[in-house]
Amino acid sequence: MAPAAPLGPVAWAASPGPVGYVQAVAAMDARAAAIADGVAPELVWLLEHPPLYTSGTSAQPADLIEARFPVHASGRGGQFTYHGPGQRIAYAMLDLRRRSPDVRRYVATLEEWIIRTLAAFGVAGERRDCRIGVWVRRPAKGDDAEDKIAAIGIRLKRWVTLHGIAVNVAPDLSHFAGIVPCGIADPRYGVTSLADLGHAVAMAELDRVLRREFEGLFGPTIEAIAPGPSNEGADASRPVRYRHQAG
């Protein structure tokens, strides 16, 4: 999904410590506005969040089983998901007006980015027409069993993308139990990670492969500074909380 006209390299930045969710969204919004105004280059921002849940625009309150962590309304598409340490998040702020104003194509390219990255570590990630994200088959759990290893959630403002992907490297998978991840309650479908699949992958190594595969799909990158200081893991914002309603 390279740009139709020269855009210059995409800025590539990584935060060294956990970044609060509201801080990250504010930084994304500011950068997306600057990109749309033509005064800043596109950006991919790699980070980790402290443990938290986010709700997309389709989230159902009943899918929040237990608010063990702060819950934030995200504005992205999708339902509930978990973010936390051991999960690599890549927020992508790309100008689709100058690349291709095709949201379906963009999402498919994000999926392909993840699939190629996982393949470098010997993991066969697959896309599903009826379930967004990237999945791996788990035959030991049953003939039809599959687990999600990476999530995708996006939002557009003035044709600039926000949010992006989340790859489970070695998060605490028990933290997903507080929600119905992505609204999928079918017991055949769960959540996994590279570590859960037996692959010990350092975050720096994943980042290297993510960058290589991104460049093959979206074009060149250039090293940049992350758009805000990392915090100590405590998100001082006021999270939006949902009440679980039975029924």
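The model is predicted: local features need pLDDT of at least 70, side-chain atom pairs count only at pLDDT 80 or more, and totals for chains, interfaces and linings use all residues. Residues are numbered from 1 along each chain as its sequence is written, and side-chain values use heavy atoms, with hydrogens and water left out.

Start with strand S2, residues 43-47. Helices (H or I, at least four residues) and strands (E, at least two) are DSSP runs, numbered from the N terminus. S2 is mostly covered, with five of its five residues buried. Buried means under 20% relative accessible area, while exposed is over 50% and partly exposed lies in between (1.4 Å probe, protein chains only). In a regular strand the side chains alternate between the two faces of the sheet. Here Leu43, Trp45 and Leu47 point one way from S2. Val44 and Leu46 point the other way.

S2 has strand partners. Two strands pair if DSSP finds at least two bridges between them. Strand S1 (residues 10-14) runs parallel to S2, over four bridges. Tryptophan 12 has valine 44 of S2 as its bridge partner. From S1 the chain passes through helix H1 (residues 21-36) to S2, in a right-handed β-α-β crossover. Right-handed means that, with the strands pointing away from the viewer, the path from the first strand over the helix to the second runs clockwise. S2 also pairs with S6, antiparallel, over five bridges. There leucine 47 stands opposite isoleucine 89 in S6.

Now turn to an open sheet of three strands. Its order is S4-S3-S5, and its pairing is mixed. Strand S4 (71-73) and S5 are at the edges with a single partner strand each, so one side of each has no neighbour in the sheet. Neighbouring strands in this sheet are turned by 30° against each other on average, direction ignored. That angle is taken between axes, which are lines fitted to C-alpha atoms (for helices over the stretch in contact), and angles run from 0 to 180 degrees between N-to-C directions. Strand S3 (residues 52-55) and S4 are parallel and share three bridges. Tyrosine 53 faces valine 71 in S4.

On a 1 Å grid over the protein atoms alone, a cavity is a set of points where a 1.4 Å probe fits but cannot get out, and a pocket is an open set with protein on both sides within 12 Å along at least five of seven lines; lining residues have an atom within 4 Å of a point. Grid points are joined across faces, edges and corners, and a volume is the space filled by probe spheres set on the points.

The largest pocket holds about 430 Å³. Its lining has 27 residues, with Gly77, Gly78, Ile132, Ile152 and Gly153 nearest the centre. S9 gives the most, five residues. The lining divides into 14 nonpolar, ten polar and three charged residues. Nonpolar covers Ala, Val, Leu, Ile, Met, Phe, Trp, Tyr, Cys and Pro; charged covers Asp, Glu, Lys and Arg; the others, Gly among them, count as polar.

The second largest pocket has a volume of about 200 Å³. Helix H2 supplies the largest share of its lining, three residues. This lining has three nonpolar, no polar and six charged residues.

One cavity of 30 Å³ or more is present. The largest cavity holds about 80 Å³. Twelve residues line it, and Thr81, Lys148, Ala151, Asn168 and Phe176 lie nearest its centre. S9 gives the most to this lining too, with four residues.
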